[in-house]
Amino acid sequence: MLKFNLHDRYKAVVIGGSAGSFQGIVKILSKIHSDFPLPIIMCLHRLKHVRNGFVEALSIKSIVEITEPYDKQNIKKGQVYLAPANYHMSVELGHYFSLSTEEMINNSRPAIDITLGSCSYVYRDKLIGILLSGANKDGGLGMKYIKDKGGLTIVQDPEECMIDTMPKAAMNLTTIDHVLKIEQIVQLLNELHKLYRK
Amino acid sequence: MKDVDIADLRRITELVKTKHGYDFTKYAMSSFKRRIVRILEMHNLNIDSLLAKLQHRAFAEEFLNEITVNVTEMFRDPSFWRVLRDDIIPAILLNHQKIRIWHAGCSSGEEVFSMAILLKEMNLLNYAQIIATDLDTNILDRAKKGEYTLKNMELNEKNYIRFQGTGSLKDYYKDINNKAVLDKTLVAGVSWRNHDLVKGAIFNKFDLVLCRNVMIYFNQTLLNEVLKKFHESLFKYGYLAIGSKESLIWCDIANKFIVVNNEEKIYKKIKD
């Protein structure tokens, strides 16, 4: 049994991913508990001009409902959120989402750095950041913001990644607490679930 | 990324408000902060040197231009423009001879040109009265010019094709010196005006107000205030179009509107 040295004061989990992350995300969402205690906030690179279909594809095997939040929608425990196409997605201090159409970052909108960065500002050391497979460096800086605020940083094991540029970018920029395979990320999230049930 | 705290943001918004009359105090926090950080990095400034520069009117104009987000596309969300063409505009014409349209926060004008093209293809351009407003005079000047980089036109073309227009977007612009120069006759009847949604007064009544992806930069308080202005600016049964991931459900006067098309976020005013 793995020991992740977790505690029950986390407020949110944020996940970033790009090329090669889809299968991993599907696996995570199919294996977590239906009453997962924290909001899961996901920013995944996606086609800019295809508004529909992505949530549906992710939802097929997911235990929990996935929604693309509206601007100013409140964040709730146990909900899974996905950054909508062609918008950047941030979290605000009042624990709601805000969307924006600012310039692309790292050639991406939604950009992972923006979602991770704003989460780190709001949740500080009570945030778990997970960065998965991807072909560019977006998310690397975001993971650094999370670490700088005292959050927990996790990347998918580059060995397991279809394309390891993204997790390696994060590993070059900051301290990564855990380098894990998808199966182990699931174990960590399930360990977390147990902690909150006590 | 430089860290800018809330107190710094307050100092900036207070100065800009008292000295230059632009009120950013009710803007959404995280995007506003990113704009400030962007300006600091672009001009290699810190908060104090930014505050010093903001004393000058010329820099304040530049600041205004950079703080507002001017990223837009022609025919963004092509399915939205199809619904306008196929449902909304025909519905307006059932009751009105002319269509009065307000583009609120028109930025560099892409949506105004999109609307003009849509109306022209319906042979209705002469039956429309379009007013396009923005708080930034520089961006209005750019909108009037109707010149876009060719790189952006690739995306605009793709959107137009998915909009299923009657021709090709190329029918409406010429490639001059590596710029796409739009046909000015499209917007010959458009009235471009400098208008600030935050403090500007109601100035007309409309059948259709387009304000897509503008109010996402406002906080809920300001959103409520601006929605009130839109409500007053609309004829009864007039339409309000907002961005695909915006919603009015958390607004004070949401009950004075009904959703006509939820996917495209088109609302109709049903109560005065």
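Which residues in α1(A) meet which residues in α6(A)? In this predicted model, A:G24, A:K27, A:I28 and A:K31 of α1(A) meet A:I182, A:I185, A:V186 and A:L189 of α6(A).

**Helix packing in chain A**

- Two packed helices are described by the angle between their axes and the distance between the axes.
- Helix α1 of chain A comprises residues 22-31 and helix α6 of chain A comprises residues 182-197; the two pack at an angle of about 30°, and their axes are 10 Å apart.
- Angles under 35 degrees count as roughly parallel, and α1(A) is therefore roughly parallel to α6(A).
- The helices α1(A) and α6(A) cross in the right-handed sense.
- The contact of α1(A) with α6(A) contains five nonpolar residues, one polar residue and two charged residues.

**Contact between chains A and B**

- On the side of chain A, 18 residues are in contact with 17 residues of chain B.
- By class, the side of chain A that touches chain B has seven charged, six polar and five nonpolar residues.

**Domains of chain B**

- Chain B is divided into two parts: domain 1 covers 6-67, and domain 2 covers 78-269.
- The centres of domain 1 and domain 2 of chain B, taken over C-alpha atoms, are separated by 28 Å.
- Between these domains of chain B, eight residues of domain 1 are in contact with eleven residues of domain 2.
- Helix α4 of chain B (residues 57-67) gives the most to the side of domain 1 that touches domain 2, namely three residues.
- That side of domain 1 of chain B has three nonpolar, two polar and three charged residues.

**Helix packing in chain B**

- Helix α2 of chain B (residues 29-42) packs with α4(B) at an angle of about 130°, and the two axes are 9 Å apart.
- At this angle, α2(B) and α4(B) are therefore oblique to each other.
- The crossing in which α2(B) passes α4(B) is right-handed.
- From α2(B), the contact involves B:R35, B:R38 and B:I39, and from α4(B) it involves B:F63, B:E66 and B:I67.
- The contact of α2(B) with α4(B) has three charged and three nonpolar residues, and no polar ones.

**Sheet of chain B**

- An open sheet in chain B is formed by seven strands with mixed pairing, in the order β6-β2-β1-β7-β8-β10-β9.
- At the edges of this sheet are β6 (191-194) and β9 (257-261) of chain B, each of which pairs on one side only.
- On average, neighbouring strands of the sheet are turned by 25° against each other, direction ignored.
- Within the sheet, strand β8 of chain B (residues 234-241) and strand β10 of chain B (residues 266-269) pair in the antiparallel sense over three bridges.
- The bridge partner of B:Y239 in β10(B) is B:K268.
- Helix α7 of chain B (residues 137-145) lies across β2 (128-134) and β6 of chain B, and runs at about 170° to β6(B).

Technical notes. Residues numbered from 1 in each chain as written. Chains lettered and ligands numbered in written order. Predicted model: local features only at pLDDT ≥ 70, side-chain atom pairs only at ≥ 80, totals over all residues. Domains from an automatic or database assignment. Contact = placed C-beta atoms within 7 Å. Helix = DSSP H or I, 4+ residues; strand = E, 2+ residues; numbered from the N terminus. Nonpolar A, V, L, I, M, F, W, Y, C, P; charged D, E, K, R; others polar. Axes fitted to C-alpha atoms, helices over the stretch in contact; angles between N-to-C directions. Parallel < 35°, antiparallel > 145°, perpendicular 65-115°, else oblique. Left-handed = near helix turned anticlockwise from the far one by under 90°. Pairing = 2+ DSSP bridges.
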